[in-house]
Structure formats: structure tokens, C-alpha cells
Amino acid sequence: MRRSLTVPIVATLGFLFLYAPIIALVIFSFNANRLVTVWSGFSVASYSSLWSDPQLLPAAWLSLQIAAIAATIALVLGTLCAYALVRFRRFRGKTVLQATVSAPLVMPDVITGLALLLMFVAMQSLIGWPSGRGVLTIVIAHATFCTAYVTVVVQSRLTDLDLSLEEAAMDLGATPVRVFFDVTLPIIAPALVSGWLLAFTLSLDDLVIASFVSGPGSSTLPMVIYSKVRLGVAPEVNALATIIIGFVAAGVFIATLLQLRRKPAKA
Amino acid sequence: MAKKPQLVADTRPWRDPAAKPFVRIRNVTKKFGDIAAVADVSLNIYKGELFCLLGGSGSGKSTLLRMLAGFETPTSGTIEIDGQDMSKVAPYNRPVNMMFQSYALFPHMSVAQNIAYGLKRDGLPRAEIEARVAELLQLVKLTGYENRKPNQLSGGQRQRVALARALAKRPKLLLLDEPLGALDKKLREETQFELVKIQETLGVTFIVVTHDQEEAMSLATRIGVMNQGEIAMVGEPTEIYEFPNSRFVANFIGSANMVEGVVTEDEPDHVRIQSKELGTDIYVSHGVDCSPEQILWWAIRPEKINLSREKPAPQAGVPSETNMVKGYVEDIAYLGDMTVYQVKLDNGRYIRVTKTNALRGDPEAISWDETVWASWAGTSGSVLVS
């Protein structure tokens with residue numbers, strides 16, 4: 001009896017620890033009271049005021065765009081970098097590349113942000129590009145630190161990839177380019193997807209670096225939320241968060257469903 | 001199971017000096033840094049052969065195979081396949097296919113897609129590809145498994161898919177890297193048999209790399225024994241076993257009792273070797289290319305030594321007091337089909353003798369702690385000068 005109770009109790013506590021804050025957020029997004037912490041009845045008022053909010057929705061849209069572009073750039077750069085690190089036998093500066101590529105993983109955001117800001121300012125005065133700070137500089141900054149994450153994810157998958165698979169394809173008449181698209185790419189695809197998603201999430205989430213390199217008119221969602229919360233939590237933020245959680249949950253649900261269906265029945 | 005020679009003369013082209021080799025490896029060396037993985041190897045392999053490259057790990061056998069496939073380029077020397085120089089030919093343009101040790105089946109493709117991959121690269125019409133795939137699946141007895149993924153197959157099935165995929169393009173030459181290495185013993189024996197049958201039916205030239213001498217002996221028409229990047233000996237399985245050309249080959253293939261000796265008589269029809277190590281004189285009843293006083297080695301297989309309780313009568317044509325030595329049975333290993341005797345000679349050296357257990361539970365069998373005489377015929381041992 002004791003054993004059969006322990007697992008459910010621990011599991012419940014674990015889930016509570018992870019999800020209680022989110023549940024509270026979702027519940028309070030339907031609060032009728034303007035004061036976020038006081039419950040006074042069910043209402044969708046905060047959703048309608050979100051819809052008419054002049055700041056939040058444009059910022060969310062901007063953040064999504066930045067995240068998608070930065071993640072895509074990081075995916076390409078990170079994959080190339082991982083490929084060079086895993087596949088090229090030895091080249092000058094390989095060790096340096098390996099070390100510098102993982103540096104952004106441990107670098108505090110404040111330092112990365114400051115460093116990028118200084119670089120952009122210096123570049124503007126030297127070559128005149130990028131002119132001023134805005135969406136472009138945020139995308140560059142995000143792509144820079146996300147590349148490190150993509151590299152790590154793709155690198156581990158590439159290391160596990162049996163070289164003889166590519167040799168076998170070549171042996172059967174595939175040119176190196178074909179080998180890449182027929183064998184290498186499909187096999188590392190899961191790593192590419194998770195690398196892109198990781199980069200996307202990191203970019204969407206970033207407040208510190210974006211604050212350094214953003215300019216007028218380019219406030220990302222975390223920046224807007226942060227500035228709003230300083231004046232007390234606005235219920236619209238709760239509503240927006242609930243919508244985002246809804247999208248994420250649906251995405252995870254669909255992904256799991258697809259994976260379950262694709263997983264073949266055991267022989 | 002080895003390929004049966006149908007007509008002695010024309011199935012053994014390597015015995016015919018005028019025969020044209022199908023694969024001609026000339027003075028091939030492959031260096032990785034300063035280390036020569038393959039050192040000055042020259043080898044001729046003929047059409048329809050099942051040639052085994054046999055050697056321990058690091059002997060260069062896999063590197064040689066990879067050079068044939070085109071994954072490595074020789075540092076020096078040339079490789080010709082069917083009269084065509086391969087040095088400028090990329091792996092994907094060679095008339096060669098390879099079966100990988102890890103099988104290297106594409107995990108994201110089904111069995112049928114794996115087999116069809118090479119055919120699709122050749123741009124064959126779809127109907128023809130389907131027919132070929134069906135034919136190959138039948139050949140490797142996997143009809144009905146078309147839509148399985150490699151991770152839904154057993155080790156033996158994967159091995160057969162890999163074989164079918166490698167055969168799909170009807171290559172002139174098939175390279176097999178440890179084709180049976182990952183299978184368990186029983187399955188390996190069955191598969192050996194099938195492999196030879198498929199090879200005979202299709203008439204493809206096979207080059208097999210293996211570290212397993214039993215596999216090489218049972219499969220091959222000829223074996224090339226490799227040691228430290230060099231070919232130590234090339235020959236038919238019986239030649240390799242019965243007439244090894246060096247101490248390395250004698251030791252590497254099967255087991256052998258090997259002793260050092262000095263030539264005391266060197267006649268055209270016999271040689272007498274004095275061996276302190278064995279404690280007796282060895283009489284070899286054929287001529288050997290050596291000189292008196294030369295130090296050389298003599299090796300004999302454990303199954304070619306007789307054991308008897310009584311001192312054996314002198315053999316015809318062999319001087320008395322030679323080719324026999326007294327000892328003491330110190331240990332016995334019963335293996336079922338045969339028994340291994342560890343005999344300690346009077347001078348302290350051990351020799352190994354095996355006897356087939358022809359009788360069930362033979363009460364007369366020699367037992368522990370018995371004093372025995374070991375003897376052998378004048379033709380049983382091999383004289384080795386290197």
C-alpha cells in the first residue's frame with residue numbers, strides 16, 4: 001500500500017510545483033477585477049481589452065517575427081558550424097572555434113547585450129551599418145547567441161550519425177550532395193527541428209539582450225510586459241499569456257500525437 | 001561450404017599464369033600520417049572468386065577494402081578493376097558495391113526503399129525497380145518484409161537486407177566487411193552457407209574481410225593473410241593451413257607447436273633438424289631450401305601428432321630415435337568432438353596434441369598423469385625459415 005501511494009503523491013507534488021503558477025495565471029486571466037490579485041468573478045473583459053491594447057499585440061507579433069527570423073538564421077549558421085566541427089578532420093583554429101561557439105552558453109546576458117551594443121555603436125560610426133538600433137540589431141543579436149545553442153544540439157546528433165550510412169549511400173551511386181539530402185538531412189532532421197524550436201523560444205523569451213540593442217519603436221513583447229508590470233500587473237498580460245500557453249499546449253499535443261502515430265508498432 | 005571447384009583447371013584461374021586478373025592491386029601503400037596501414041600490397045583477384053582478406057585488428061585489411069570501394073585513396077600504387085584504373089574514379093561511379101560491417105541500413109527508409117536506393121540513383125524505371133526489389137527479397141528470403149523499417153528487423157534479417165541492397169545494382173565486384181561478424185555462432189554457420197550459394201548463383205566476385213579464420217577457411221576460394229599492412233601469404237585454405245610460409249601464418253591460422261632447431265643434415269630428399277627445444281631430432285622426409293647449421297623453425301599441428309603409451313616402433317624410412325619424444329600428460333581438455341592433451345616433455349616444454357573422439361566414452365583413452373610417447377610422420381610438420 002505504501003509503495004502504491006508514494007508514486008502518485010510525489011507525482012502530484014511534482015506537477016503542482018511545475019504547473020501551479022501557470023494554472024493560477026490562467027484562472028486569473030478570467031478575473032473580473034482590475035486588480036490582478038483579487039478574485040471577484042468570471043469575466044473575459046481582460047481579453048477584450050487585450051484586443052484593443054495599442055502595445056501588447058503589436059509587440060507580440062514583432063517578437064514572433066524576430067524569433068522566427070533569428071531562429072532560422074541560427075539554424076543555418078549553427079548547422080554549418082556543427083558540420084565543420086564534427087566532419088572536418090582537422091583545421092586551423094578548430095579548438096578555438098569549439099570553445100568560442102559554446103561561450104555564449106555560459107556568458108551572462110548582460111555582458112552579451114552590452115558587448116553587442118558597443119559593437120553596433122562602433123560599427124555605425126565606422127561603416128555606417130547598421131544605422132541606429134532597432135529590429136535588425138535585435139535579430140542579429142538573437143541569431144548570434146542562438147547559433148551557439150543550435151550548434152550544440154546539431155553537433156551531438158551529427159556525432160552519433162554513423163559515417164558508414166553516408167558512405168553506403170555514396171557506394172550505391174549517390175553524389176555527395178544527394179547523400180546530404182537523402183541520408184544526412186533526414187537523420188539529423190529531429191535535431192534541426194529541436195534546435196530551431198530552442199532558438200525560437202530563447203529569442204521570444206529574451207529581455208536583457210533585447211533591451212540593450214533595441215531602439216525606438218522596436219519593443220519586443222518581454223520588454224513591453226516588463227514595463228507594464230512595473231506599474232502593477234495588467235490583466236491584459238494575463239490574457240495574452242493564457243493565449244500563448246494555449247498555443248504551446250496545442251502544439252505539444254499535436255506533436256505528441258504525430259509522434260505516437262508515426263512510431264511503428266513493435267514487431 | 002567453401003566454393004566447390006567444378007572443373008579443376010578453369011575454376012582456379014590463379015593457377016593459370018596466363019589468366020587475366022579481374023582486380024589487380026599493384027604496390028598499394030596507404031599511409032595515415034607516418035603510419036603505413038597498408039604497405040606495398042600487390043594482389044591479383046580473379047573473376048568469380050570468393051577471396052578472403054584475413055587478419056587481426058590493425059592489419060590493414062579494412063583499409064585495403066575501403067580503397068577498393070573508393071573511400072580511401074592509396075598514397076601510392078594503383079588499383080585496377082576489370083582492366084580500368086580506379087584512381088580517378090569516385091566511389092559513386094565504381095562498378096563496386098560494399099556491404100558494411102554495421103550494415104549501414106538507412107534507418108528512415110523501409111526495407112524495400114533501402115534495396116531500391118541504388119537502383120533509383122541509376123534512374124531505372126519504376127516497374128523495373130519493383131521487380132528487382134521483389135527478386136532480391138526472394139533471394140535473401142525476406143519476401144513480405146518490404147515495409148518494415150530496419151529497427152523492426154532482427155540482426156540476421158538486417159544482414160540479409162544489407163546483402164540484398166549491395167547486390168541490387170548487380171555489381172561486378174562485391175566487397176563485404178565482416179559480413180557475419182554481428183551474428184551469433186549458429187546463425188553464422190547457416191549464413192555462411194547461404195552466402196556461398198548466392199555468390200555461386202550470381203557469379204559475382206566477392207572480396208570478404210574477416211578476422212575469423214574459420215569463416216575465411218569455410219568461405220574462401222583463396223585467402224590473403226594480412227599482418228601489419230602486408231600480405232603475409234596468399235593461398236587456398238589448404239595451402240594456408242598445411243603449408244604455411246612463415247611462423248606468423250603457422251601461428252595465426254589454427255594452432256601449432258613450434259620449435260627452433262639447427263639443420264644437421266641437408267640432403268635433396270630429406271633434412272634432419274636437431275632441436276634442443278623439443279629434445280629430439282626431427283627428420284623431414286623431403287628436401288628443404290636451407291643450408292647446414294642454419295637455424296630454423298619447425299611447426300606441427302596438434303592433430304598430426306600421435307600419442308601412445310608404448311614407445312612406437314620406428315617408422316619406415318625414418319631413422320630410429322627421431323620424430324618421437326617422451327612426455328607426461330599434465331592436462332586434458334575434453335571438447336566433445338575431440339580432446340586436447342597438454343603434454344609436458346622431459347625438458348619441461350609443453351606440446352599440444354588433439355585426438356578425435358571416434359569412440360564413445362573410450363575406456364582405453366589416455367588419461368591424466370600418464371607417461372606417453374608423442375610421434376609424427378616425416379611429412380607432418382612444416383619447416384619455416386622466416
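Mentor: Before we start, two residues are in contact if their C-beta atoms, placed from the backbone, lie within 7 Å. This is a predicted model, where local features need pLDDT of at least 70 and side-chain atom pairs count only at pLDDT 80 or more, while totals for chains, interfaces and linings use all residues. Residues are numbered from 1 along each chain as its sequence is written, and chains are lettered from A and ligands numbered from 1 in the order in which they are written.

Trainee: Great! Which residues of α6(A) meet α8(A)?

Mentor: H142(A), C146(A), Y149(A), V150(A), V153(A), V154(A), R157(A) and L158(A) do, and their partners in α8(A) include I188(A), L192(A), G195(A) and L202(A). Helices here are DSSP runs (H or I, at least four residues) and strands are E runs of at least two, numbered from the N terminus.

Trainee: And how do those residues divide by class?

Mentor: Into 12 nonpolar, four polar and one charged. Ala, Val, Leu, Ile, Met, Phe, Trp, Tyr, Cys and Pro count as nonpolar, Asp, Glu, Lys and Arg as charged, and the others, Gly among them, as polar.

Trainee: At what angle do the axes of α6 and α8 of chain A cross?

Mentor: Roughly 155°, and the axes come within 9 Å. Axes are lines fitted to C-alpha atoms, for helices over the stretch in contact, with angles from 0 to 180 degrees between N-to-C directions.

Trainee: New topic: how many residues does each chain give to the contact between A and B?

Mentor: Chain B gives 20 residues and chain A gives 17. On the chain B side, α2(B) has the largest share, three residues.

Trainee: What classes are on that side of chain B?

Mentor: There are 10 nonpolar, five polar and five charged residues.

Trainee: Lastly, how far apart are the C-alpha centres of domains 1 and 2 of chain A?

Mentor: They lie 34 Å apart. Domain 1 covers 1-52 + 233-241 and domain 2 covers 56-218, with bounds from an automatic or database domain assignment.
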